Amino acid sequence: MYKLQSEINLPVNDGVFCLAGANGLGKSTFISILSYAITGIVVNPKKNFTSINRIPKFFSISEKFASEYFDGRIEESKRDLANVSIEFTIGKFVYKITRNFFDTTGLDFF
């Protein structure tokens, strides 16, 4: 699905959002992209933390894993353009975050 479209807009309203599909369709990738948009990391499933004191190290490992995770999923020629934007509302405030998939050093837009 993602390869066929250069941009996907998916409104998610209050209530339950169900993401379902067969294996290999991109459900986990979709969730990883949302996580990356919000937090700037992609969690490496082979790494975990066991205590609150390990969170900084866990974050550092996960931040480095993000560019590895997207490598091969996005064409080399489109890396500079490859980003994710998420817009959400908290109370009366609307926030928009944009991150490049291969520049994990910060936000492109907030």
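Reader: How many helices and strands does the protein chain have, and in which pattern do they follow along the sequence?

Author: This is a predicted model. The protein chain holds two helices and two strands. Read along the sequence, their pattern is α-α-β-β.

Reader: What share of the residues in the protein chain is buried?

Author: A residue counts as buried when its relative accessible area is under 20%. The protein chain has 110 residues, and the buried share of them is 26%.

Reader: Which kind of pair do the rings of Phe70 and Phe101 form?

Author: The structure has eight aromatic pairs. For Phe70 and Phe101, the ring centres are 4.3 Å apart and the planes meet at 50°. Planes under 30 degrees apart count as stacked and over 60 as edge-to-face, with the rest called tilted. The angle of 50° therefore makes this pair tilted.

Reader: How many residues apart in sequence are the parts that this pair ties together?

Author: Phe70 belongs to helix 2, residues 55–70. Phe101 is in the segment after strand 2 (93–100), so the parts tied together are apart in sequence by 31 residues.

Reader: Are Phe70 and Phe101 buried or exposed?

Author: The limit for buried is under 20% relative accessible area. Phe70 has 2%, and Phe101 has 6%. Phe70 is therefore buried, and Phe101 is likewise buried.

Reader: What kind of aromatic pair do Phe88 and Tyr95 form?

Author: Their rings are 5.5 Å apart, centre to centre, with 25° between the planes. Planes under 30 degrees apart count as stacked. The pair of Phe88 and Tyr95 is stacked.

Reader: Which residue lies over the face of Tyr69?

Author: Tyr69 is in one aromatic cluster with Tyr36, Phe65, Phe70 and Phe101. At 3.9 Å from the ring centre of Tyr69, the residue over its face is Arg73.

Reader: Over which ring does the charged end of Arg79 sit?

Author: The charged end of Arg79 is 3.9 Å from the centre of a ring. That ring belongs to Phe102.

Conventions
Residues are numbered from 1 along each chain as its sequence is written. This is a predicted model: local features need pLDDT of at least 70, side-chain atom pairs count only at pLDDT 80 or more; totals for chains, interfaces and linings use all residues. Side-chain values use heavy atoms; hydrogens and water are left out. Rings of Phe, Tyr and Trp (its six-membered ring) pair if their centres lie within 6.5 Å; planes under 30 degrees apart count as stacked, over 60 as edge-to-face and the rest as tilted. Helices (H or I, at least four residues) and strands (E, at least two) are DSSP runs, numbered from the N terminus. Buried means under 20% relative accessible area, exposed over 50%, partly exposed in between (1.4 Å probe, protein chains only). A charge sits over a ring if NZ of Lys or CZ of Arg is within 6 Å of the ring centre and within 35 degrees of the ring normal.
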